[in-house]
Amino acid sequence: MHSIKDIYLIRHGETDYNRMGVVQGSGIDADLNALGQQQAQAFFQHYQDLPLDKIYTSALKRTHQSVNGFIEKGLPWEQHAGLNEISWGIREGRTPNNDDDQYYRNLVRTWREGQVDVPSEEGESPMDVLEKQKPVVELILSRPEERHILIAMHGRAMRVLLTHLFEKPLHDMDTFGHQNLCLYHLQYDYRTQKFNAIKANHTAHLHGLPDCM
């Protein structure tokens, strides 16, 4: 059995909702915008020669579009709803306004204070997201023959996932930064059953593109 698994974990490229500062969550299935497509292409150009064995994405098309270059190469691809973004509930997709902004600030502060089982209104909590992710993580790690994999997912969901992989408290999730089409290069050691971060929130492949969110 190969003892090391390389995991290339990315957040999707920019959408118009990102550009406008509108919360998408899992309920908004938006396309990448023009910059998001450029980011996806830049990432593909930079990493197209990776010896990838499998692509994993969420069930939302902004992640599919972010790795489309690799999919078109004919690489095996699975999508899992367990990798979807958190559901932010009834406020998803709404034009930014002071009431919603304050609501989100209060909710995130509640999570940082340790109440990670508190959901958004008619949405999910970070704990809900983690419980959906765990079976997908177990599935991925049960396949040691897939030595190099690419995972495309979402900002808040990535933060939840990274706390789990690095055995950090869930309320510390905001310590993991992210931008559109950023890369976390992780290695999993089957002998120690531990993850190591080679790159974190890495964006050198986007050099020359406008700043993303």
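The buried residues of helix α5 (buried meaning under 20% relative accessible area, with a 1.4 Å probe and protein chains only) are covered by elements that include α6 (126-141) and α7 (155-165). Cover is judged here by contact, that is, heavy atoms within 4.5 Å. Helices (H or I, at least four residues) and strands (E, at least two) are DSSP runs, numbered from the N terminus. The model is predicted, so local features need pLDDT of at least 70 and side-chain atom pairs count only at pLDDT 80 or more, while totals for chains, interfaces and linings use all residues. Residues are numbered from 1 along each chain as its sequence is written, and side-chain values use heavy atoms, with hydrogens and water left out.

The buried residues of α5 are Asp100, Tyr104, Leu107, Val108, Thr110 and Trp111. They cover an arc of only 155° around the axis, which places them on the same side of α5; the arc is that of the directions from the helix axis to the C-beta atoms. The face turned away from this buried side carries Asn98, Asp99 and Arg112, which are exposed (over 50% relative accessible area; values in between count as partly exposed).

Helix α5 comprises 15 residues (98-112), and at 1.5 Å a residue it should span 21 Å; its end C-alpha atoms are 21 Å apart, which agrees. The expected span is 1.5 Å times one less than the number of residues. At the N-terminal end, α5 is capped by Asn97, of which a side-chain oxygen lies 3.2 Å from the backbone nitrogen of Asp99. Just after the helix, Gly114 takes a positive phi of about 110°.

Ser87 is placed in the loop between β3 (77-79) and α5. This residue is buried, with a relative accessible area of 15%. Among the residues touched by Ser87, not counting those up to four places away in sequence, are Ser26, Glu92 and Ser120.

The structure holds 10 aromatic pairs, in which rings of Phe, Tyr and Trp (its six-membered ring) have centres within 6.5 Å; planes under 30 degrees apart count as stacked, over 60 as edge-to-face and the rest as tilted. The rings of Phe166 and Phe176 have centres 6.2 Å apart and planes at 20°, so this pair is stacked. Phe166 is buried, with a relative accessible area of 18%, and Phe176 is buried with 13%. The rings of Phe166 and Phe195 have centres 6.4 Å apart and planes at 65°, so this pair is edge-to-face. Ring pairs link Phe166, Phe176, Tyr188, Tyr190 and Phe195 into a cluster.

Methods: Polar contact = N/O pair within 3.5 Å; in protein donor to acceptor, adjacent residues only side chain to side chain.
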